[in-house]
Amino acid sequence: MKIAFRTHDLGEKGIDGLIYRLQQYKIEAVQLVVYKFMDGIKQKPGSLSPEMAEYIGKALKGAGVSVPLIGAYFNPVHSDKHKVADCKQTFKEYLQYAKVLGSNIVGSETGSFNDDKWTYNPLNRTEEALQTVIETFTELADYAAEQGAYIGMEGAAGHCCYCVKQLKRAIDGVNRPNVKVIFDLYNYLDMSNYDKYMDILDEGLATFAGRIVVFHMKDFVIEDGKVKQVAPGKGNFDYPAILKKIKAYDKDAVLVLEGTTGEDIGPSIEFVKNTWAQA
């Protein structure tokens with residue numbers, strides 16, 4: 001098992017600050033989101049140069065840090081089609097630079113018709129939404145194949161791939177061997193199903209057997225009638241049961257403590273490590 005963090009969750013800008021934090025907490029892997037932790041780099045075509053990609057990749061490798069996933073998340077059903085086109089091109093550039101950056105997979109969620117809010121919209125659950133997702137990720141998967149790389153797809157209750165079955169439909173529609181899954185149990189929860197999270201985990205592990213490249217690890221509480229994210233160990237998840245199932249699925253699983261920041265970083269790492277050891 002390997003614990004990882006998103007680069008921008010560690011509270012430092014720039015590669016030196018990032019590596020300092022990684023060494024401070026003895027973190028050996030990152031979900032790399034370049035434009036969220038490197039000043040001067042934006043999520044737009046041409047912003048990341050080949051030289052900067054090589055610099056980042058060499059620095060991480062030199063520090064003994066692996067990159068199981070590059071994040072280039074974008075909304076394929078956004079109403080601004082110029083923005084979609086730019087984000088797709090940026091995604092392709094990260095596929096082009098993936099190996100230099102130390103990875104072979106670039107991932108995204110599947111978007112929402114609420115544009116930049118990335119929240120539930122009835123249109124997300126239409127055939128139009130699914131077909132747009134399939135068309136977009138087929139294009140990206142084909143480009144990834146040219147680069148010898150993979151793409152990762154992640155579902156969420158408020159997005160176009162709102163459940164395990166819908167993400168499976170999208171992946172089957174893309175029908176490419178280089179499509180992998182980013183599995184985030186918390187993402188699938190809302191007030192209608194939060195008490196069935198173990199069933200959702202079982203369904204996901206069975207449905208995506210052999211495809212899951214990283215697990216996003218979070219926790220939740222119910223607050224003001226909504227499912228709210230909290231750090232691992234601070235909520236309602238039965239972590240011993242969850243990690244036991246993930247460990248049986250993949251003893252070398254990459255667990256990204258996505259959204260864990262600040263004072264929660266150290267305790268969350270220890271909690272997950274200790275719970276995994278006993279699972």
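The model is predicted.

I then turned to helix 9 (residues 265-278), which also packs on the sheet and touches strand 1 and strand 10 (254-256). Its direction makes about 155° with that of strand 1.

I traced a closed barrel of 8 strands in the order 1-2-3-4-5-6-7-10, with parallel pairing. Neighbouring strands are turned by 30° against each other on average, direction ignored.

Strand 1 (residues 2-6) and strand 2 (residues 29-32) run parallel and are joined by 3 bridges. Ala4 stands opposite Ala29 in strand 2.

Back to helix 4, for its geometry. I found 21 residues, 81-101, with 28 Å from the first C-alpha to the last. That is close to the 30 Å expected at 1.5 Å a residue. I recorded a bend of about 35° at Leu95.

I checked both ends of helix 4. At its start, a side-chain oxygen of Asp80 comes to within 3.1 Å of the backbone nitrogen of His82. After the helix comes Gly102, with a positive phi near 105°.

Last, I asked which residues of helix 4 are buried. The list includes Val84, Cys87, Phe91, Tyr94, Tyr97, Ala98 and Leu101.

How values were computed. Residues are numbered from 1 along each chain as its sequence is written. This is a predicted model: local features need pLDDT of at least 70, side-chain atom pairs count only at pLDDT 80 or more; totals for chains, interfaces and linings use all residues. Side-chain values use heavy atoms; hydrogens and water are left out. Helices (H or I, at least four residues) and strands (E, at least two) are DSSP runs, numbered from the N terminus. The expected span of a helix is 1.5 Å times one less than its number of residues. The bend at a residue is the angle between axes fitted to the seven residues ending there and the seven starting there. Buried means under 20% relative accessible area, exposed over 50%, partly exposed in between (1.4 Å probe, protein chains only). A polar contact is a pair of N or O atoms within 3.5 Å; within protein, one must be able to donate a hydrogen and the other to accept it, and residues adjacent in sequence count only if both atoms are side-chain atoms. Two strands pair if DSSP finds at least two bridges between them. Axes are lines fitted to C-alpha atoms, for helices over the stretch in contact, and angles run from 0 to 180 degrees between N-to-C directions. Contact means heavy atoms within 4.5 Å.
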